[in-house]
Amino acid sequence: MDSCINSFRDSLSPFDSIIFDLDDTLYSGGLGFGQATKRNIDDFLVEKCGFPESKASALRIELFKTYGSTLAGLRALGYDVTSDDYHGFVHGKLPYHLIKPDPQLRKLLQSIKQRKIIFTNSDNVHATKVLNRLGIADCFELIICFETMNPNLDKSTRPDEFPVVLKPSLEAMKIAVETADVDPRRTLFFDDNVRNIAAGKAVGLRTVLVGRAIKTKEADYAIEDVSNLMQVIPEIWYNEKNDSRHNRNEMELDSILTTTTIVA
Ligand SMILES: [Mg+2]
């Protein structure tokens, strides 16, 4: 892998690393995971924290707006909720069986020779489960996740001692850039969340807004689905021998292009 990475460092592609969000970026939000997660958070607020059922949804939204996530809000308010208990409850009951292997996505990722990194607010258990279900876990050299951004959380003596760090905070973005050890100007960052894209831009990353046809101010590219990647950002595949996208592995790339066109 190292030789691949090094040969690309001097190539004509403007990118030598690619950072992908996971949920709603590499698999569809249409599976109902978003709704199921919200329901599970509401249940957590009722069953584990004792809030009345009628207030749970409004509280979840309020905590998200004010603190960036329900867990961050609960801890900031002094609730001694561990990240493992929270994530175990909230993700534990998700319908993972609905996520199917995605061989087309796997082929696409394998054709990208740059470094590939996952950057998600989810915990490592969820990220690993999803990547394994999609059949793409081995396509990435690194997973930057909740635990990466919050290494001291479970060592704290008070719940509000270490505020929870998550996208879209600039601190989270800086941790990601540092942990991945990338030059942000040569790194593409994919995310479906407009605020995360703005935060990515603020730390100098090249940004790709996923799930939209139209760019926001901070997005360098917009892509409705990552399966269209080769059409939208062909420069990922440029290399040093020939300033075109088809010289790396013509047959492999042609087959992806053909299949993608049929699907679209
Ligand atoms: Mg996402």
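The legends below describe close-up views of a predicted model of one protein.

**Figure 1**
The protein has 264 residues, and 46% of them count as buried. Taking contacts between residues at least 6 apart in sequence, 62% join residues at least 24 apart. The average pLDDT of the protein is 89, and 86% of the residues score at least 70.

**Figure 2. Three aspartates supply the protein donors of the magnesium ion.**
The donors are Asp21 (OD), Asp23 (O) and Asp192 (OD), and they lie 2.1 to 2.2 Å from the ion. Along the sequence the donor residues follow the spacing D-x1-D-x168-D. Aspartate 21 is in the loop between strand S1 (17-20) and helix H2 (33-47), and aspartate 192 is in the loop between strand S4 (187-191) and helix H10 (194-202), so this pair ties together parts that are 171 residues apart in sequence. Aspartate 21 counts as buried because its relative accessibility is 6%, under the 20% cut-off. Aspartate 192, at 22% relative accessibility, counts as partly exposed.

**Figure 3. Phenylalanine 44 and tyrosine 86 form an edge-to-face pair.**
This view shows one of the eight aromatic pairs found in the whole structure. The ring centres of phenylalanine 44 and tyrosine 86 are 5.2 Å apart, with 80° between the planes. Phenylalanine 44 belongs to helix H2 and tyrosine 86 to helix H5 (residues 83-92), so the pair ties together parts that are 42 residues apart in sequence. Phenylalanine 44 is buried at 3% relative accessible area, and tyrosine 86 is buried at 7% relative accessibility.

**Figure 4. Phenylalanine 119 and phenylalanine 189 form a tilted pair.**
The planes of the two rings meet at 40° and their centres are 6.2 Å apart, so the pair counts as tilted. Phenylalanine 119 is in strand S2 (residues 115-119) and phenylalanine 189 in strand S4, 70 residues apart, and the pair links these distant parts of the chain. Both phenylalanine 119 and phenylalanine 189 are buried. The charged end of lysine 167 sits over the ring of phenylalanine 119, 4.7 Å from its centre. Elsewhere, ring pairs link Phe20, Phe140 and Phe190 into a cluster.

**Figure 5. Lysine 167 and proline 168 are joined by a cis peptide bond.**
The omega angle of this bond is about 10°. Proline 168 is in the loop between helix H8 (146-149) and helix H9 (170-180).

**Figure 6. Aspartate 24 and aspartate 181 have positive phi values.**
Phi is near 65° for aspartate 24, a residue other than glycine. Aspartate 24 lies in the loop between S1 and H2 and is partly exposed, at 38% relative accessibility. For aspartate 181, phi is near 55°. Aspartate 181 lies in the loop between H9 and S4 and is exposed, with a relative accessible area of 62%.

**Figure 7. Residues 242-248 have a pLDDT under 50.**
In the model, residues 242-248 have 23 contacts beyond four places in sequence. Residues 260-264 also have a pLDDT below 50, and that stretch has four contacts beyond near neighbours in sequence.

Conventions. Residues are numbered from 1 along each chain as its sequence is written. This is a predicted model: local features need pLDDT of at least 70, side-chain atom pairs count only at pLDDT 80 or more; totals for chains, interfaces and linings use all residues. Side-chain values use heavy atoms; hydrogens and water are left out. Donors are N, O and S atoms within 2.8 Å of the metal (3.2 Å for Na, K and Ca); water is not among the atoms, so sites may look incomplete. Helices (H or I, at least four residues) and strands (E, at least two) are DSSP runs, numbered from the N terminus. Buried means under 20% relative accessible area, exposed over 50%, partly exposed in between (1.4 Å probe, protein chains only). Rings of Phe, Tyr and Trp (its six-membered ring) pair if their centres lie within 6.5 Å; planes under 30 degrees apart count as stacked, over 60 as edge-to-face and the rest as tilted. A charge sits over a ring if NZ of Lys or CZ of Arg is within 6 Å of the ring centre and within 35 degrees of the ring normal. pLDDT is the predictor's confidence in each residue, from 0 to 100. Contact means heavy atoms within 4.5 Å.
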